[in-house]
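User: Could you take me through this protein chain? I am new to reading structures.

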Amino acid sequence: MAMLTVKNENFFEYKFIFRNNLLLLSDTNKLPEDSVMQKCIDFQLAKDMFSESSHNYTTLHLEENSPTPQNHKWVPLRSVFAENAIFSPIATRAIALLNWRNKTRFCSSCGSLLHDDKFETARFCANCGNIFFLL
Ligand SMILES: [Zn+2]
């Protein structure tokens, strides 16, 4: 399934906001609400964002110096695993893809900017046709 860049407030059930490799949770250890996601987009704090409908999540990757939303905190993913949260495997997938996308922005063959592939979890070069996969 394809990764789709977020265009508006069509967020899926699981909402992951990362800054560096830390996950944003509310003070009550819940994932952020739609309104927090939308504010991060409105204030242009996200350097990348996408959704995967097949895994029912939307994720944002915030700039390193982004402020912490009120009544929220940044936690390492491993602490989420320790609490056995149901969304841990999906959050791990999200941050892995965000980090990969951050390092796979340009085609290694021709240097052109890559785009999300329409059909696969991959990046596509419109100039030379190369497709880049995470693995
Ligand atoms: Zn290329």
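Predicted model: local features only at pLDDT ≥ 70, side-chain atom pairs only at ≥ 80, totals over all residues.

User: Which domains does the assignment give?

Analyst: The assignment gives domain 1, covering 1–103, and domain 2, covering 107–135.

User: And what distance separates their centres?

Analyst: The centres of domain 1 and domain 2 are 23 Å apart, taken over C-alpha atoms.

User: Let us turn to the sheet. What is the strand order?

Analyst: The sheet is open and has 5 strands, in the order β3-β4-β1-β2-β5, with mixed pairing. β3 (46–52) and β5 (72–76) are at the edges; each has a single partner strand, so one side of each has no neighbour in the sheet. From one strand to the next, the twist averages 30 degrees.

User: How do strands pair in general?

Analyst: Strands of a sheet pair through backbone hydrogen bonds, and the pairing is either parallel or antiparallel.

User: Then which sense applies to β2 and β5, parallel or antiparallel?

Analyst: Strand β2, residues 22–26, pairs with β5 in the antiparallel sense, over 5 bridges. Within this part of the sheet, L22 stands opposite P76 in β5.

User: What does helix α1 touch?

Analyst: Helix α1, residues 34–42, packs on the sheet and touches β1 (14–19), β3 and β4 (57–62). The direction of helix α1 makes about 40 degrees with that of β4.

User: Back to β3. How many of its residues are buried?

Analyst: Of the 7 residues of β3, 5 are buried, so this strand is largely enclosed by the rest of the structure.

User: How many bridges join β3 and β4?

Analyst: β3 and β4 pair over 6 bridges, in the antiparallel sense. A46 has L62 in β4 as its bridge partner. The two strands, β3 and β4, form a hairpin with 4 residues between them. In the turn, N56 has a positive phi of about 60 degrees.

User: A new topic: L97. Where is it found?

Analyst: L97 is found in helix α3, which covers residues 88–103.

User: Is it buried or exposed, and why?

Analyst: L97 is buried, because 20 other C-beta atoms lie within 10 Å, and a residue counts as buried at 20 or more.

User: What is L97 in contact with, leaving aside neighbours within four places in sequence?

Analyst: With those neighbours set aside, L97 is in contact with M3 and L134.

User: And how far is L97 from T59?

Analyst: L97 and T59 are 38 residues apart in sequence, and 9.8 Å apart in space, C-alpha to C-alpha.

How values were computed: Residues numbered from 1 in each chain as written. Domains from an automatic or database assignment. Pairing = 2+ DSSP bridges. Axes fitted to C-alpha atoms, helices over the stretch in contact; angles between N-to-C directions. Contact = placed C-beta atoms within 7 Å. Buried ≥ 20, exposed ≤ 12 C-beta atoms within 10 Å, placed from the backbone.
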